[in-house]
Amino acid sequence: MLITDPAVIVTMDDDQREWEGGYILIENGVITDLGTPGAIPPKTEGNLTFFSARDCVVTPGLVNTHHHLFQSITKAVPAALDVPLFGWLKTLYPLWRRLTPEDVDAAVSLGLAELVLSGCTLTSDHHYLYPNGIQLDDTIAAAQTIGVRFHATRGSMSIGQSKAGLPPDDLVEDEAAILKDCERLIERYHDPSDGSMLRIALAPCSPFSVSQELMRQTAQMARAKGVMLHTHLAENVEDVRFSLDRFGCRPGHYAEDLGWVGEDVWHAHCVQLTEEEQFLFGRTRTGVAHCPCSNGRLGSGIAPIVGYLRHGARVGLGVDGSASNDSGDLIGEARQALLMQRAKEGADALSARAALRLATRGGAETLGRCDTGQLAVGMRADLAFWPQGELAAAGAWDPVAALILCAPRRPSHVMVEGRLIVEEGRLTMADEGHLVARLNRLAERLKTLA
């Protein structure tokens, strides 16, 4: 496929190159050549498909580093609208214990559709609830129907309320069973190769829902199997207080003591880490999934993203669960990241291009992907096309900055591995109306059981 006539190509490569016009050549799902304006594309063997990107800014596909897709069935629950994290969780646990595999399949499908329609080509999902026969396999099957690259994380909870944990006892699992299922999922699904459409990571839910021993054993298994590690950390002041009271140390030191720092680890939120802990993450190249909308929605605070970047930590964006964000708009998340950092640190704290980098290459690096997140020869052909003729972009002098500053925005086309999964603003592998109707029907059933 030869992509021609773009308004602007934004590469996010090492040199941060951008140019007006040019072309992108894709062969077998890989970018094999990029041309500046006036360059002549090389001759290729076989049939060549032409794709016009006229009037579009072309960027790498966006990357989502933290989500709970099952929560798409519990958006805007009235009793959970105005409470902080711990109260929010306690309100929703009783609803989530009633979920079925069919609920999860519908919720994951709809949540992924939201992401893809906002320009996302690669997402992780932190699934940690397994009542009524639900398995991580259910989320994986749903992802394959949408066509997005998927990092499924095997979440877990093992410490219930009877042992001073937060979740109800009937939502926690036996730790030996958790580790056995982690091993099964890695062996069955994990694909570490370049261009992989599916990877597995291990993700005990949080310090207040699993034991220290499970954290240690999970880290040992992940490193033996060559997969990444993920959890929540320092999401709000309650989270920090729990760590101090239970473990006698701050969350960053807790993570370090258990071996949960390094390039194979990324933590969600990290809103309340100190300068010393930020330095630890930078020194060890630990990743951070920044979720500004959810952090704001739950009143958790503004994460010190400028500090993480200054110290050298890997940082990407996450929309977080649809019950604490109530949306899966990843380009909107980039805008919110910019606004919140500027509100805290000043107007020059985070540029529009830096926010876009968090949403693309930063996210790919956070998930340990060196094959996507930028437009360069040898990278997978994951692209988003942002039309400039729409109302939101009218009057914008800088079309790249306008992607972040001029909201709301939607891509007209999205490609994964050189295949269109969004065409003319519509999903190609699923019917949006059917997804909405199905989820609403199941949500109504859940309401009757609440």
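The crossing of α4 and α5 is right-handed, a term used when the near helix is turned clockwise from the far one by less than a right angle. The model is predicted, so local features require pLDDT of at least 70 and side-chain atom pairs pLDDT 80 or more, while totals for chains, interfaces and linings use all residues. Residues are numbered from 1 along each chain as its sequence is written, and side-chain values use heavy atoms, without hydrogens or water.

Helices (H or I, at least four residues) and strands (E, at least two) are DSSP runs numbered from the N terminus. Helix α4 packs against helix α5 at an angle of about 20°, and their axes lie 11 Å apart. The two are therefore roughly parallel (an angle under 35 degrees). In the contact (heavy atoms within 4.5 Å), Ile178, Leu179 and Cys182 are among the α4 residues that meet α5, where the partners include Leu214 and Met221. By class, this contact has 6 nonpolar, 2 polar and 4 charged residues.

The open sheet has 4 strands in the order β5-β4-β1-β6, with mixed pairing; strands pair if DSSP finds at least two bridges between them. Strands β5 and β6 stand at the edges with a single partner strand each, so one side of each has no neighbour in the sheet. From one strand to the next, the twist averages 20°. Strands β1 and β4 run antiparallel and are joined by 3 bridges, with isoleucine 3 opposite isoleucine 24 in β4.

| Element | Residues |
|---|---|
| Helix α4 | residues 175–189 |
| Helix α5 | residues 212–225 |
| Strand β1 | residues 2–4 |
| Strand β4 | residues 23–27 |

Terms used
Axes are lines fitted to C-alpha atoms, for helices over the stretch in contact, and angles run from 0 to 180 degrees between N-to-C directions. Angles under 35 degrees count as roughly parallel, over 145 as roughly antiparallel, 65 to 115 as roughly perpendicular and the rest as oblique. Ala, Val, Leu, Ile, Met, Phe, Trp, Tyr, Cys and Pro count as nonpolar, Asp, Glu, Lys and Arg as charged, and the others, Gly among them, as polar.
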